[in-house]
Every structure is written in C-alpha cells, then in structure tokens.
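Please look over the sequence and the model shown here before reading on.

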Amino acid sequence: NIQLAFFTIWTALIQGWWSAKPDETGAHQPYLHGFTGWVWILVLLQAGGGLLVAAVIKYADNVLKGLATGVSVCFATGVSTI
C-alpha cells in the first residue's frame, strides 16, 4: 500500500502542477482550490469508511463480512437519497 501511495502522490502532484492555470489576476490558485467544508466532510467520511472496511476485513469472519457488505450497501443507498 505504501508503494502504491508513493507513486500515486507523485502522479497527482505532477498532474496538479501541469494543469495549474492562473486566474483572472494572473495568480495561480492553490492546489485544493474549491474544497469547501462539505467536501472535506465527504473526504473524511470516505477515509473513515475505508479504515472501517480494513478493520472488518482484518478482524471479522466471512459471515460477518457478508453482513457488513449488505448493511453498507443499504446504508449508502439510504444516505445517497437524502
């Protein structure tokens, strides 16, 4: 995972640098321009969900994994309708 993250970070930084365009005043916008509070909440929720899935995979048996997958699909569907 660390190896994949290493190459992903470099690829993202190069892509961000390459596609950076100046705004109307001629100044370059920051790398995370446009990230509002709601976007950060979603990022943290996705990261927390990934850590939760990793913990379930590590410590749970197959029946519980299947149940967790079903519950997560139902929960995500319910939340996405809001």
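## The largest pocket

Helix α2 gives the most to the lining of the largest pocket, contributing 9 residues. The model is a predicted one, and in it the space in this largest pocket comes to about 660 Å³. Of the 17 residues that line the pocket, those closest to its centre are Gly49, Leu52, Ser72, Phe75 and Ala76. The elements that give two or more residues to this lining are α2, which spans residues 37–59, and α3, which spans residues 62–80.

By residue class, the lining of the largest pocket divides into 11 nonpolar residues, 5 polar residues and 1 charged residue. As background to such a description, rolling a probe the size of a water molecule over the atoms shows where empty space is left.

## Overall fold and surface

The protein has 3 helices and 0 strands, and the pattern read along the sequence is α-α-α. Of the 82 residues in the protein, buried residues make up 2%. The accessible surface of the protein comes to about 7600 Å², and carbon and sulfur atoms account for 74% of that area.

The structure holds 3 aromatic pairs.

How does Phe6 count by its relative accessibility, as buried, partly exposed or exposed? Phe6 has a relative accessibility of 45% and therefore counts as partly exposed, since that class lies between the 20% limit for buried and the 50% limit for exposed. Trp10, with a relative accessibility of 48%, is likewise counted as partly exposed.

## Val53 and Lys65

Val53 has its place in helix α2, and because its relative accessibility is 47%, Val53 counts as partly exposed. Val53 and Lys65 are 12 residues apart in sequence, while the distance between them in space, taken from C-alpha to C-alpha, is 9.0 Å.

## Confidence in the model

Across the protein, the mean pLDDT is 82, and 89% of the residues reach 70 or more. Confidence is lowest in α1, where the mean is 82, and highest in α2, where the mean is 88.

Technical notes. Residues are numbered from 1 along each chain as its sequence is written. This is a predicted model: local features need pLDDT of at least 70, side-chain atom pairs count only at pLDDT 80 or more; totals for chains, interfaces and linings use all residues. Side-chain values use heavy atoms; hydrogens and water are left out. Rings of Phe, Tyr and Trp (its six-membered ring) pair if their centres lie within 6.5 Å; planes under 30 degrees apart count as stacked, over 60 as edge-to-face and the rest as tilted. Buried means under 20% relative accessible area, exposed over 50%, partly exposed in between (1.4 Å probe, protein chains only). On a 1 Å grid over the protein atoms alone, a cavity is a set of points where a 1.4 Å probe fits but cannot get out, and a pocket is an open set with protein on both sides within 12 Å along at least five of seven lines; lining residues have an atom within 4 Å of a point. Grid points are joined across faces, edges and corners, and a volume is the space filled by probe spheres set on the points. Helices (H or I, at least four residues) and strands (E, at least two) are DSSP runs, numbered from the N terminus. Ala, Val, Leu, Ile, Met, Phe, Trp, Tyr, Cys and Pro count as nonpolar, Asp, Glu, Lys and Arg as charged, and the others, Gly among them, as polar. Accessible areas come from the Shrake-Rupley method with a 1.4 Å probe; for residues, only the protein chains shown count as cover. pLDDT is the predictor's confidence in each residue, from 0 to 100.
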